[in-house]
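Visitor: I would like to learn how to read a protein model feature by feature. Could you take me through one, giving the general idea before the particular case?

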Amino acid sequence: MKDVKPLFWIAGSRDDLKRFPRDVQRGMGFALYQAQVGRKHADAKPLRGFGGASVLEIVEDFRGDTYRAIYTVRFQGAVYALHAFQKKSKKGTATPKHEIELIRKRLNLAANHYKERSREQEKNA
């Protein structure tokens with residue numbers, strides 16, 4: 001079996017995901033697990049505006065509502081869940097600007113966590 005990378009939840013992303021319907025939680029949880037073992041879930045797509053395929057989103061439709069989870073595999077040996085939210089707007093598929101700004105802030109938090117974690121691992125090596 002492949003090594004399983006740790007999953008780190010940034011800010012309120014875990015609590016937000018826990019508010020989703022159980023079926024949505026299961027689907028998104030499985031997609032995150034796929035990232036942890038080095039795979040990409042079939043429904044995971046690069047989030048536009050983040051330069052490449054290291055920030056991904058999972059979109060699940062459930063009973064007429066749309067749910068999204070955003071995560072990154074940018075940092076070696078870890079997966080970071082950045083955000084989970086229900087898309088409220090019925091117009092288009094674009095991620096709302098305020099959600100993108102929040103994701104950018106949380107990506108910076110993930111980068112800081114990763115740096116600190118790397119320093120600690122070097123000290124303990």
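Visitor: How many positive and negative side chains does the protein have, and how far apart do the centres of the two sets lie?

Guide: In this predicted model, the protein carries 26 positive side chains and 14 negative ones, and the centres of these two sets lie 3 Å apart. The accessible surface comes to about 7,800 Å², and carbon and sulfur atoms account for 49% of that area.

Visitor: What share of the protein is buried, and which residues have the most contacts inside the largest nonpolar core?

Guide: In soluble globular proteins, nonpolar side chains tend to be buried together. Here, buried residues make up 41% of the 125 residues, and the largest nonpolar core has 16 residues, with Phe-20, Val-24, Met-28, Ile-58, Tyr-67 and Tyr-71 having the most contacts inside it. Two or more residues of this core come from each of helix H2 (22–36), strand E3 (55–62), strand E4 (65–72) and strand E5 (79–87), and the largest share, 5 residues, is given by H2. A second, separate core has 15 residues, including Ile-10, Phe-50, Val-55 and Ile-70.

Visitor: Which residues does Ile-58 touch, apart from those up to four places away in sequence?

Guide: With those neighbours not counted, Ile-58 touches Met-28, Ala-31, Asp-43, Ala-44, Tyr-67, Arg-68, Ala-69 and Tyr-71.

Visitor: Is Ala-35 buried or exposed, and with which residues is it in contact?

Guide: The cut-off to keep in mind is that buried means under 20% relative accessible area. Ala-35, which lies in helix H2, has 3% relative accessibility and so counts as buried. Leaving aside neighbours within four places in sequence, Ala-35 is in contact with Lys-5, Tyr-71, Val-73 and Val-79. The C-alpha atoms of Ala-35 and Ile-70, which are 35 residues apart along the chain, are separated by 12 Å.

Visitor: Where is Ala-11 placed, and what is the value of its phi?

Guide: Most residues other than glycine have a negative phi, and most peptide bonds are trans. Ala-11, in the loop between strand E1 (7–9) and helix H1 (13–18), has a positive phi near 50°, and at 57% relative accessibility Ala-11 counts as exposed. Arg-63 also has a positive phi, about 50°, although it is not a glycine; Arg-63 lies in the loop between E3 and E4 and, at 77% relative accessibility, counts as exposed.

Visitor: Where does Gly-49 lie, and how far is it from Arg-104 in space?

Guide: Gly-49 lies in the loop between strand E2 (44–46) and E3, and with a relative accessible area of 53% Gly-49 is exposed. Although Gly-49 and Arg-104 are 55 residues apart in sequence, their C-alpha atoms are 9.9 Å apart in space.

Definitions and conventions:
Residues numbered from 1 in each chain as written. Predicted model: local features only at pLDDT ≥ 70, side-chain atom pairs only at ≥ 80, totals over all residues. Heavy atoms only, no water. Core = buried A, V, L, I, M, F, W, Y, C linked by side-chain atoms within 4.5 Å. Buried < 20%, exposed > 50% of the residue type's maximum accessible area, 1.4 Å probe, protein only. Helix = DSSP H or I, 4+ residues; strand = E, 2+ residues; numbered from the N terminus. Contact = heavy atoms within 4.5 Å. Areas by Shrake-Rupley, 256 points an atom, 1.4 Å probe, with all protein chains shown as cover. Lys, Arg positive; Asp, Glu negative; His and termini not counted. Charge placed at Lys NZ, Arg CZ, Asp CG, Glu CD.
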